[in-house]
Amino acid sequence: MKWSVIWLCLVPLMAAPAPEDPYLWLEEIDGARALEWVRQQNAATAKRLNAYPDFEQLHRQARAILNAESRIPRVHQEAGWLYNFWRDPDHPRGIYRRTTVQQFASEEPDWETVIDVDALAAVGDDPWVFKGMRCLPKQYRRCLVFLSPGGGDAVIMREFDAATRSFLDDGFQLPKAKMRVSWRDRDSLFVA
């Protein structure tokens, strides 16, 4: 029997160093330089928009429409409840609320507050922004609530009991990160 031997010679490839990104500082969300740049861009945009003669009137009309008490809430349904995130002058950070289908069809639905984001922000130092709630399928009592400190992409995740409308001290909790989380089953999660 004849054997063949193939020798592989591994030579590390010497790549040229990647050029430094001159805009890397823009990724520092709370960095002084990045925030100053955003202020400058906002000022330049505002100056251009305000130069249009009808801008102020159109801006007032748009805000009035978007903030009208009579606006139709966008809802999603889970386990017989219609859920909605709502902001108004009394709740500038917003409330996550729910009502029944029958109530929603009435002239003035009776909404039940599930999570008051303004109240959460008042308890601690973080200006929380609500980023959503995902409930365990078919059961809809245990839910994962996502909150962003300050409104960035990174969130914290805490387990929530939709029946008692409270966070679970011994439930799932994940620290601030850019993440995707889904239920695997009642006792485990998929985290990416």
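**Charges on the surface and in pairs**

Let's start with Glu27, which sits in the segment before helix α1 (32-50); helices here are DSSP runs of H or I with at least four residues, strands are runs of E with at least two, and both are numbered from the N terminus. This is a predicted model, in which local features need pLDDT of at least 70, side-chain atom pairs count only at pLDDT 80 or more, and totals for chains, interfaces and linings use all residues. Residues are numbered from 1 along each chain as its sequence is written, and side-chain values use heavy atoms, leaving out hydrogens and water.

Glu27 is exposed, with a relative accessible area of 61% (exposed means over 50%, buried under 20%, partly exposed in between, with a 1.4 Å probe and protein chains only). On the surface, Glu27 gathers with Glu20, Asp21 and Glu28 in a patch of negative charge (patch residues have over 30% relative accessible area and no salt bridge, and like charges are joined within 9 Å).

Now for the salt bridges, where a side-chain nitrogen of Lys or Arg lies within 4 Å of a carboxyl oxygen of Asp or Glu. The whole structure holds eight of them. In one, Glu112 meets Arg98 at 2.7 Å, N to O. Glu112 belongs to strand β4 and Arg98 to strand β3, so the pair ties together parts 14 residues apart in sequence. Arg98 is buried at 5%, whereas Glu112 is partly exposed at 25%.

Glu112 also meets Arg165, at 3.4 Å, N to O. Arg165 lies in the loop between β7 and β8, 53 residues from Glu112. Together, Arg98, Glu112 and Arg165 form a network of salt bridges.

Technical notes: Patches are made of residues with over 30% relative accessible area and no salt bridge: like charges are joined within 9 Å, nonpolar side chains (Val, Leu, Ile, Met, Phe, Trp, Tyr) within 5 Å. Accessible areas come from the Shrake-Rupley method with a 1.4 Å probe; for residues, only the protein chains shown count as cover. Lys and Arg count as positive and Asp and Glu as negative; His and the chain ends are not counted. The place of a charge is taken as NZ of Lys, CZ of Arg, CG of Asp or CD of Glu.
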